[in-house]
Amino acid sequence: MDAPWWKSAVVYQIYPRSFADSNGDGVGDLRGIIDHLDHVAGLGVDVLWLSPVYRSPMDDMGYDISDYDDVDPLFGTLADLDELIAAAHARGLKLVMDLVVNHTSDEHPWFEESRDPASDKRDWYLWRPARAGHEPGTPGAEPTNWGSFFGGSAWQFDERSGEYYLHLFSRKQPDLNWENPDVRAAVYAMMRGWVARGVDGFRMDVINLISKTYPMTDGAVEPGQSVSFELEKVVNGPRLIEFIEEMNREVGLSEKHLFTVGEMVAVDVAHARAYTSARHPRLNMVFTFEHMSLDQDGPDKFRYRRVHLPDLKRNLALWQDGLAEEGWNSLYWDNHDQPRAVSRFGDDSPEHRVASAKTLATVLHLHRGTPFVYQGEELGMTNAGLTRIEDYRDIEALNYYAEAVARGADPADVLTGLGHRSRDNARTPVCWTDGPNAGFTTGTPWLPVNGNYREINAADQVDDPASVYAHYRRLIALRHDLEVVREGRFELLLPDDERLWVFTRRLGSEGLLVVANLTSGVVGLPVAELPNLDDAGLLLTSLPRAADDPQILEPWESRVYAVRF
Ligand code: ISL
């Protein structure tokens, strides 16, 4: 049976607010995307994932939706979106929308109605009375001790109805009650509307939070924390598979061959295998997070330490092995929530940035799964380099800074942590040219343009065969041309090596050998421990030329060989 189309596809993520501004208001918009679609199509990608463009108060930059059926004027109009869908299709690109249905905005009419206890929408959200024996609205009266991902309690007291509502993210993002069949029916109807408009699938925001465990009870509190982050109470809940299969059936996700990727906080291999098994009408793939916390120094997300390469290699290998027979991997380093990989896992110095960006891409794209390219990653864009809290815009960063400083943390230390791991790092405007504001806007950008835009911009790269952009185009072509990239069995070699990342992909007696130096120094290649290279064919190298000595890898050099086993 032919493999599903998405197993040899590559997805490009656009975070509209930072992609391209067409009207000079300093914020990216749909017409800006239309104007730059050839840049995306030129990579050879297959799918466009659009982060939310729905009406929103923008408390969480659009992940707080107040109208699922309309485009926020900040980004344009429904007509602009229709034009973008048509323009994408005309270039052979599928367009996937971001589905954010674990929660809405508190300004959504559903929630506004739900605030009235007599409303028939009361049960569309998760309302609870104050903890027994406590005065409503006073500290400690929250129904459970759960924490919000964005700081503080996950419960907000609503004076009007004298009860609390659950919000796992900001207090302006109340969680929907997925136990209510009317909520599910409304979500599926909305999804069918977008499919009817030409949308080709969905990226599903924190979709493994929609089934909570009831009754909701206190969780364990880690030392030094005041609230509980015992995620087991809210992730991978008892009805999650039931809801996903119902969504699939009601929207026709499998029937219409629509693309689905579920973002799943704290998902493990076993759950991911169940959610992406081809034996059931569920999801094509999921985003996992394990590899995204390997450079976190302890329980505090914003405490950074350089990743230990064997840990990173082993985690990706764990997922390769775990989903080798059943299920499917997504493959990503970057997105709008993660710091830029070239700064995080590579070396973003002027000397090594290009090579490390190419090599990180090579390693990721030659694993088995569907790769995701985040806007600017194909240019080797780096972390933002923000040094003042006034320049940050992300609610997660701003809340964290305020809470940490209120606890007595040194603001300079907090800013150092944010500089490494804040989501703002990925949200600086895409750099199109070396002109004013990097060609992103004629106005004042909503978030400062990265100061290195004169060295890192699309105009300098799209026609340069030695650029990061050109390297991504070659990698994507390899995936389309070679079945072994899609299907080859993965094997990690030299797992304990702290400098080299070496693995094979095998299909019968044919295959690939990928060798990569993940350091800024020269490293010898232990060829005696590798498949025979005598008659290997060099398919791709990060260097502008073939290596002088095959047994030596230059700093951040990677090579892909065709080998026989
Ligand atoms: O891991 C996180 C919590 O500290 C965040 O990076 C992020 O909130 C989490 O990965 C879930 O992300 C998704 O849902 C959020 C939204 O803020 C993110 O932008 C979205 O990708 C709430 O909708």
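Helix α10 (residues 353–365) packs against helix α13 (residues 468–481) at an angle of about 15°, with the axes 10 Å apart; axes here are lines fitted to C-alpha atoms over the stretch in contact, and angles run from 0 to 180 degrees between N-to-C directions. That makes α10 roughly parallel to α13, the label for angles under 35 degrees, with over 145 called roughly antiparallel, 65 to 115 roughly perpendicular and the rest oblique. This is a predicted model, in which local features need pLDDT of at least 70 and side-chain atom pairs count only at pLDDT 80 or more, while totals for chains, interfaces and linings use all residues. Residues are numbered from 1 along each chain as its sequence is written, and side-chain values use heavy atoms, with hydrogens and water left out. Helices (H or I, at least four residues) and strands (E, at least two) are DSSP runs numbered from the N terminus.

On the α10 side, V354, A357, K358, A361, T362 and H365 meet V468, H471, Y472, L475, I476 and R479 of α13 (contact means heavy atoms within 4.5 Å). This contact has seven nonpolar, three polar and two charged residues; Ala, Val, Leu, Ile, Met, Phe, Trp, Tyr, Cys and Pro count as nonpolar, Asp, Glu, Lys and Arg as charged, and the others, Gly among them, as polar.

Next come α11 (residues 395–406) and α12 (residues 411–421), which pack at about 155° with their axes 10 Å apart. The two helices are therefore roughly antiparallel to each other. From α11, A397, Y400, Y401, A404 and V405 meet P411, V414, L415 and L418 in α12, a contact with nine nonpolar residues and no polar or charged ones.

On a 1 Å grid over the protein atoms alone, a pocket is an open set of points with protein on both sides within 12 Å along at least five of seven lines, a cavity is a set where a 1.4 Å probe fits but cannot get out, and lining residues have an atom within 4 Å of a point. Of the 50 residues lining this pocket, F149, F229, Q296, P299 and K301 are the closest to its centre. Helix α11 gives the largest share of the pocket lining, five residues.

There are also five cavities of 30 Å³ or more. The largest cavity holds about 130 Å³, and α8 supplies the largest share of its lining, four residues. Its lining has five nonpolar, seven polar and no charged residues.

Methods: Grid points are joined across faces, edges and corners, and a volume is the space filled by probe spheres set on the points.
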